[in-house]
Amino acid sequence: MLGQALALSPGHALPAFTAMASRYFAAMSTPPTEARKRLCNNFFGALDNAGITPNMGAFWILAGHDSQATRLNVINPALYTLTPVNSPVHTVDRGWNGDAVTSYLDTGYNPISAAFMQQDNHHFAVFSLTNNSNTAYKDFGGRMEDVNIVGTPNFVGSRSASLNIRSASSTIPTSVALVGISRSSSSSYRVNIDGVLNSTITETSSGLSNSNYAILAKNNNGTIQGYSARRVGIVSVGRNLSTGQWSAYNAAARAYLTGIGAL
């Protein structure tokens, strides 16, 4: 757990922080503890080792020690800081949740103007930390890309560069899960749940959203809808990830979330 000391052999120094970790920590108003820094650094190092980080346009760790820190974009803290709208609630080490009425987080990330994601080369990931069965809640999204991670009756609904919403082919036991959407072709996209390929969905792409993505809701061309009361712990957007990379992402995210007591 977070408070446990890191055991090292005599004469061995702690490993250096990654450059991304150092930038992230420097942007925090309230510095994290050394133990928390190491936990984050391990998370980032695992993503680096799997080749995931270069495919991230933005990456937010919403489950953290301080509200300001959790709103920072880990990839580049100078860009895409989350803006709370109508008072969503941050709980230390548990994430952010909305009220299912008016509250959400504005990412500031428009996939068209950001020019990193591509219509047929993108991913987005959401780690939900609440088991909730409301099918109307959108955990993340814009007009053409979104996801809702539903508890009983256990399904994942999603869009990927398309107006048509599709359901994953297999049920999931709980909406406490990492759901990753990946597209690498114009004809289909993949739904990965907890690091495992769940479905390949045949759906022709027709364009990316042209508005800021929302968390705890979706931004439908400037109209916020699907307000969610689920709690979200991690979100990322960027380019396509492989099935192997989703497995590594899930393992790294779960190690971090377990370390802070969120799982």
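Modeller: Two strands pair if DSSP finds at least two bridges between them. Helices (H or I, at least four residues) and strands (E, at least two) are DSSP runs, numbered from the N terminus. The model is predicted: local features need pLDDT of at least 70, side-chain atom pairs count only at pLDDT 80 or more, and totals for chains, interfaces and linings use all residues. Residues are numbered from 1 along each chain as its sequence is written, and side-chain values use heavy atoms, with hydrogens and water left out.

Take strand β6, residues 122-128. It pairs with strand β11 (residues 177-183) in the antiparallel sense, over 7 bridges. Within that pairing, histidine 122 stands opposite arginine 183 of β11.

How many residues of β6 are buried? The count is 7 of the 7, so the strand is largely enclosed by the rest of the structure. (Buried means under 20% relative accessible area, exposed over 50%, and partly exposed in between, using a 1.4 Å probe and protein chains only.) Both faces are covered. His122, Phe124, Val126 and Ser128 are buried on one side. His123, Ala125 and Phe127 are buried on the other.

Now follow β17, residues 231-238. Strand β1 joins β17 through 5 bridges, and the two run antiparallel. In this pairing alanine 58 faces valine 237. Strand β1 (residues 56-61) has 6 of its 6 residues buried, so β1 is largely enclosed by the rest of the structure.

Valine 237 deserves a stop of its own. Its place is in β17. The C-alpha of valine 237 is separated by 6.6 Å from that of phenylalanine 59, although the two residues are 178 apart along the chain. Contact means heavy atoms within 4.5 Å. Leaving aside residues up to four places away in sequence, valine 237 touches Asn55, Met56, Gly57, Ala58, Tyr109, Met117, His123, Phe124, Phe140 and Tyr213. That list includes His123 and Phe124, both named above among the buried residues of β6.

Away from these strands, look at a helix pair. The axes of α1 (residues 19-26) and α2 (residues 34-49) come within 9 Å and cross at roughly 140 degrees. (Axes are lines fitted to C-alpha atoms, for helices over the stretch in contact, and angles run from 0 to 180 degrees between N-to-C directions.) The two helices are therefore oblique to each other. (Under 35 degrees counts as roughly parallel, over 145 as roughly antiparallel, 65 to 115 as roughly perpendicular, and the rest as oblique.) Met20, Ala21, Tyr24 and Phe25 of α1 meet Lys37, Cys40, Asn41 and Phe44 of α2.

Last, two loop residues. Most residues other than glycine have a negative phi. Aspartate 194 has a positive phi, near 50 degrees. It lies in the loop between β12 (188-193) and β13 (196-202). Aspartate 194 counts as partly exposed because its relative accessibility is 26%. Asparagine 221 also has a positive phi, about 55 degrees, without being a glycine. Its loop runs between β15 (218-220) and β16 (223-225). At 49% relative accessibility, asparagine 221 counts as partly exposed.
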